[in-house]
Amino acid sequence: MSAPILIALAVFRPNPAQLKAQLQSLAAQTECTVRVIAVIADCASGPLVDKLAAELGLDLMRVDTDQELDSVRAFEAGIAEALLQIEAMPDTNDSTEPPIALCDQDDIWHPEKLMQGRRALERANAQMVHSDARLVATDGTTVLHNSMFAFERRHKNPGLRGLLYRNNITGMTLLMRPQVARIALPFPPQSGVHFYHDLWLGLIASATGGVTLIDTPLVDYRQHDSNVMGAVDRTSRMTRKLRMPDAMWLRREAAGYGLARYLARSLRARLSDANVDGRLPGTVPALKPLTPYLKKLGGTGWHLFDTLKLAVTGHIGLARIALGFGIINLGRTIWSLRMALGEGWHDARVRFDTRLYSLSPGVSPTPALLDNTISEKPKSHTALADTRKMPRWAPAFTEAGPALTILVPTLNPSEIFAGIVTAFDIGLGLAARGFQVRFIATDLPVSSPAASRNFVLRRLSQAAAAQGAAARVSLHCGVKTPTLPAHRGDVYLATAWWSAHVAQTLIQTHQLEQRKFLYLIQDFEPNFYPWGSEFADAMASYSFDFVPVFNTTLLRDYFATQGFDFATPDALAFHPSIDIDHYAKGQRPPPAQGQPRRLALYGRPEVARNMYEMAIEALADFITAEGLAEGDIEVVSIGLVHAPVDLPAGLKLVSLGKLPWEDYPTYLRSVDIGLSLMYSPHPSHPPIEMAASGVRVVTNDFGPKNLSTLSPAITSVPAYVPALVTALRTAWNAAPVSQTDRKIDLGQLGLDQSSMLDHLAKTLEVSLPRTKAVS
């Protein structure tokens, strides 16, 4: 009897009836046996999965997780377990190993899906097979469209390069050989979700043996509001007018091109590694189609050729994408050459000539005689205005009732930082308490509404999601959309000084009923700038009529010391929503004999308040003072990617950039000493996260900020190199951080998030109606 086909199933807050229907369809597969590997991505649905599998007599094993996983991470865990299962199977080899399938929790497989897939895989001698799907409504029976390929106008044979224009492989339809999975893991890192597992797996399969399509629906794809990525109707887009590229169009195309280039280069690196370690015996990867992404410069012609070919064959939407990629690729080449030969060459020539003229005759020629003068072409006054301060949309007062409207710079997952996440959590917490909440991106266009909504709503608690809080949340793009739904009773929440200006303008221009807005204050933002226009505009935002919401009592106290009368002792202040247990509960690895200890710098050279230069100086002096050498210490930087730095004694600071959130706590537990500076009254998260992970961390004071009161693992000293060096030396020679010192109470920095939200809810219910609230 052949080995069972392994099915990786991701489970996240499922509808029990829909999950049961899916499991029934797995149990009903014909001419094959199956084993389901259920990844419990919500950390809670394991008992439900066990119960349903037992009722159906389904061979199922669970993969439990200690933290919630998004769909990409969940399938990564399921595929990893499937490979372990295969390795444990007796008497299997490359030709007899069972294939691996992927499964969503709410679709319905046709009985012959796996049987037909396995036959097609063997018949075509391919690495992967996938099929069409039928779109059905939430009830699972009403057919919305007989073909996802037709509905989305998918290219049936796009080839390797074509997959990077638009993926045509849906994960729940694919069946792949284990070799694809072995090469694919681990998935390339990403911040937020910008590519899905099925695209990465399809690229590997296409480059190492091919992908074949079963051109008939073998799955019923349930289309509903909670799909991570729903099917997109492209059947009516053939007559859409072409529009001239503008800045927003270029930005959208650049994001798509950047992803394609990233995946192409990741694929080349992964296949090179697989050749070296034997995962690709006797296989020559077919990477020639990726040439335009792999070249250092050039490659535009390939995309223009694709544009013509796709247009001639009727794939107009794909032709638009190929043309966009060609334009971005050409722009990349021109920009690179200009930076190398243009601005730098011009500036250097001007500086040299100025020095010459200073020698003789002592003054420069009049501007009319110079061949390198500044352009006399006048600039528009609008080009010099700070557009962030003005709303780019007009409110359309069409809503039946008012909402809390939260103004955030961006809703794109890869551009979101901790301050925006705090705003998300406030909005979601108030939605859970019964309020309508509207998020508006004020600065950057929304690249993928579905990805943004999924990213935001995954932060809802399971109880709030189960009771319908998601239905009270809407996301909007204030950059590309000329009008947005509104109500004259809306209450605005500003999250940065420029969005405070936006809120003030909207209130005054449209004579809104609520004259005050909420102002989420997370730092003293004027200090981000030299004295000038931005400093003045940031200061001006504190003169508006608002209700402050301070991120920590430390920040509130700092505003009070600066004489702001709204920073009263009873002004609302909350502590950072750091999940201390997420960092503190993990076990640190035992010290390795003869191995260097690790020091991690929170390194962000582009952010002045993180004092990168001072940190480097302190590190160098610390290494010299302690007489450390290569075998004693490993020095790494986490935060933003930057060039390596040579340090004394032949040591080198190596930048790791931004670590994936899921990997961050584990990595911190491998760090012994931390250095994290922030010249600001706001307590940045890294020192607290490091200390909770068992790291002895050195940071700096600022006004009333002294983080050493939170834990003995934190040493806070003046922002002065000798003081930092002394603190680093003390930390280096101190005993390991105890488990007790890793338990940090953030209560002294303000209210916990739940109490803060309850307080806000009482403030808002005077002006905003509640629907059914979640207790």
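Phe424 is buried in this predicted model, and its relative accessible area is 0%. Phe439 is likewise buried, with a value of 0%. The structure holds 29 aromatic pairs, and these two residues form one of them. A pair of aromatic rings is described by the distance of the centres and the angle of the planes. For Phe424 and Phe439 the centres are 5.4 Å apart and the planes stand at 90 degrees; an angle over 60 degrees counts as edge-to-face, so the pair belongs to that class. Phe424 is part of helix H14 (residues 418-432), while Phe439 is part of strand E12 (residues 437-441), so the contact ties together parts that lie 15 residues apart in sequence.

A second pair is formed by Tyr542 and Phe566, which is tilted, with 6.1 Å from centre to centre and 45 degrees between the planes. Tyr542 lies in the loop between helix H18 (533-540) and strand E17 (546-551), and Phe566 in the loop between helix H19 (553-561) and strand E18 (572-574), so this pair ties together parts 24 residues apart in sequence. Tyr542 has a relative accessible area of 6% and is buried. Phe566, at 14%, also counts as buried, because the limit for that class is under 20%.

Tyr542 and Phe566 also belong to a cluster linked by ring pairs, whose members include Phe517, Tyr519, Tyr679 and Phe702.

Lys113 lies over the face of Trp109, 4.1 Å from the ring centre. The charged end of Arg458 sits over the ring of Phe12, at 4.0 Å from its centre.

How values were computed: Residues numbered from 1 in each chain as written. Predicted model: local features only at pLDDT ≥ 70, side-chain atom pairs only at ≥ 80, totals over all residues. Heavy atoms only, no water. Phe/Tyr/Trp six-rings, centres within 6.5 Å; stacked < 30°, edge-to-face > 60°. Helix = DSSP H or I, 4+ residues; strand = E, 2+ residues; numbered from the N terminus. Buried < 20%, exposed > 50% of the residue type's maximum accessible area, 1.4 Å probe, protein only. Lys NZ or Arg CZ within 6 Å of the ring centre and 35° of its normal.
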